[in-house]
Amino acid sequence: MLIPSAGFHQRHLGFEWGPGDLLVYETNYKLQGPRSAGSPLVHVVRKDEDICSPILRKLFNESHLIFVGLQKIKEDVPSKNKKSQFVSISKNYRSVIRACMEELQQNAVSAQDGSLASQYGDQVSILLAIELIWNLCEVLFIDAAPAGSLLLHLLDWVRLHKSDVDARAREVLQSESPAQHQSYWDVVISLVLQGRMDEARQVLSKQASLRAESSSVFKRMDVLLQTMPIFNPTGTQTLTEFDVKWRHWHEECDRCLQDNTFASNRHLETIVKILVGDEDTILEQKELLSTWYHFLVTRLLFTHPTIKPPDLHYYAQSSMNMFLGPRAPPEPLDIILLSAFEFDLHQVIKDCSIALNNWWFVAHLTDLLDHCKLLQSHNLHFGSNLREFLVLEYASGLFTHHSLWQLAVDYFDHCPEFGRVYLELQIERIPLDTERKAIKVLRICEDRQMSEQVRSICKIMAKRALRNNRLGSALSWSIRAKDAAFATLISERFLQDYCNKGSFTDLDLLDNLGPAMLLSDRLTFLGKYREFHRLYGENRFSEAAKLLLSLMTAKIAPRGLWMTLLTDALPLLEQKEVIFSVDQTYELMSCLEELNTGTKDSNTTDQDEDIESTKTELLRLALARNLAMAIVKEGTIET
């Protein structure tokens, strides 16, 4: 972005982060050194580009519904009884992530523009990492699986995030000769590394059927894979009984290895070494494992299937060191996962806040963990707890978007300490581009009794409508704002327009003012004056005459409009039927004389004076004639 003034004045620039953008401004400090020619170029950085992605907006919209649903779970129910609900909510969040990820992948494949495809690819990588971390946190913290079940959950976690094995297995099995396929043994070993023994046996059977001479060796391997004990958390078997059974099976595998049962086939020998938990052999399969955490889970599966949660951190740290080696530094994702295995929740949240490019993940995960009562001990120094701080930051970012700001309102609503303050500040920054949007914002404020903001919005919209000469809309907004001064100003404009054009606009509004007309005296007069015209139009002359007279005698009508009102009385005075009584006619005469004895306007021209004089003579004549008729009528009635 080119900033000409900065180059012209040769001054330092300052900057300040807003909720989603950067404000760059010129300071009073002059640049040191030789004067440079031209204007400087400034790179304006956005903190959160994801908010602009149409696909990721679906993530924000759908996760908002899950978030609101989570807040409705009753606090008085014990946490243990709510565990299944929390796990279900966590899975809902992950399903939304995966749906967005799949859509991004499809878009990346179909994108014609290389840079756009690369952008989609980057977003997929970020979502993959987010889902990986969330799934692990679900296993370790939300579901809090005990020994035995823990490894089963970790195996599911690895299988879900290492799905290329399934694609390769399909490719091998669908080929003309699966056993001869170049990836055959890679698939078998990959399935074993993931603990998928039944599928490994199915693929192995293709090789056994081809080699009759070594069928006994394959059958022996098939028995070992088939008899591998898998803990069943819903069964009657205790963890101790399972451990004894697993050790017997492990000893059997070790015996086969020592007896060189599979020496004739190096692939089967590799598999049996994996089954006995030989770490060097497992490490040799780095390409098939691809990550240190896959290595960790495989290592536990074949060495310590009854691992307890507190012991995880030791195996995790050593597995990462063994897999990466001394030269390869861990990536930010590795450090986050390691913190999770160490059960250091706050470190996970802190590292994710630094590594990820928006607050969506940490805000929603922290909120869920807080509901699980896992973050109660951690309060921040400036008053708000960790959950509220992250939710506020995420919601503030949403407010920078032209449509997602509506979601942010619900997030602020569920921040008991500072949510309302943030909402009040943010709502004032929303650009009120259209009346429809203004009504949306106004309804939000009214629902939350935010009277200051309601007045502010109504005043802004009233002034905008007045500038556009939309008097009806301006009056409607000023009434909603309860702004008497502005309502008076707009009423004056209505009356001025009437004097110029001889008719009112926005009759629906004026006819239905109701109690709102009491907001100001001028608005009251406008409403009543319009009512006079309506009564006159309906030929209800007596009521119209009474109302017109009351507007003048009660001093509601501004003095500058008295002549207009008296002129409006002329048609009533000239009716064949007597409408104004003797007393009413005397009151009209008094008003006319009071008007004529008042001070004259110095700006009035001779022509205007002649017109006023003519009107006065006509009124006097009409009033005198009406008085005579009224005296005769009333005298006749009395006799």
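Let's begin with how the chain folds back on itself: among contacts between residues at least 6 apart in sequence, 64% join residues at least 24 apart. The model is a predicted one, and its chain has 31 helices and two strands. Of the 639 residues, 45% count as buried. The accessible surface comes to about 33,300 Å², and carbon and sulfur atoms account for 51% of that area.

Now to the aromatic rings, of which the structure holds 23 pairs. Tyr 93 belongs to helix H3 (residues 79–110) and Trp 134 to helix H4 (residues 114–142), so the pair ties together parts that are 41 residues apart in sequence. Tyr 93 is buried, at a relative accessible area of 0%, and Trp 134 also counts as buried, at 0%.

Helix H4 also contributes Phe 141 to a pair that links distant parts of the chain, with its partner Phe 343 in the loop between helix H16 (332–341) and helix H17 (345–355), 202 residues apart. Here the ring centres are 5.6 Å apart and the planes are at 80°, so the pair is edge-to-face. Phe 141 counts as buried at 10% relative accessibility, whereas Phe 343, at 32%, is partly exposed.

Two further spots deserve a look. Ring pairs join Phe 60, Phe 67, Tyr 394 and Tyr 411 into a cluster. Elsewhere, a charge meets a ring: the charged end of Lys 286 sits over the ring of Phe 323, 5.2 Å from its centre.

Conventions
Residues are numbered from 1 along each chain as its sequence is written. This is a predicted model: local features need pLDDT of at least 70, side-chain atom pairs count only at pLDDT 80 or more; totals for chains, interfaces and linings use all residues. Side-chain values use heavy atoms; hydrogens and water are left out. Helices (H or I, at least four residues) and strands (E, at least two) are DSSP runs, numbered from the N terminus. Buried means under 20% relative accessible area, exposed over 50%, partly exposed in between (1.4 Å probe, protein chains only). Contact means heavy atoms within 4.5 Å. Accessible areas come from the Shrake-Rupley method with a 1.4 Å probe; for residues, only the protein chains shown count as cover. Rings of Phe, Tyr and Trp (its six-membered ring) pair if their centres lie within 6.5 Å; planes under 30 degrees apart count as stacked, over 60 as edge-to-face and the rest as tilted. A charge sits over a ring if NZ of Lys or CZ of Arg is within 6 Å of the ring centre and within 35 degrees of the ring normal.
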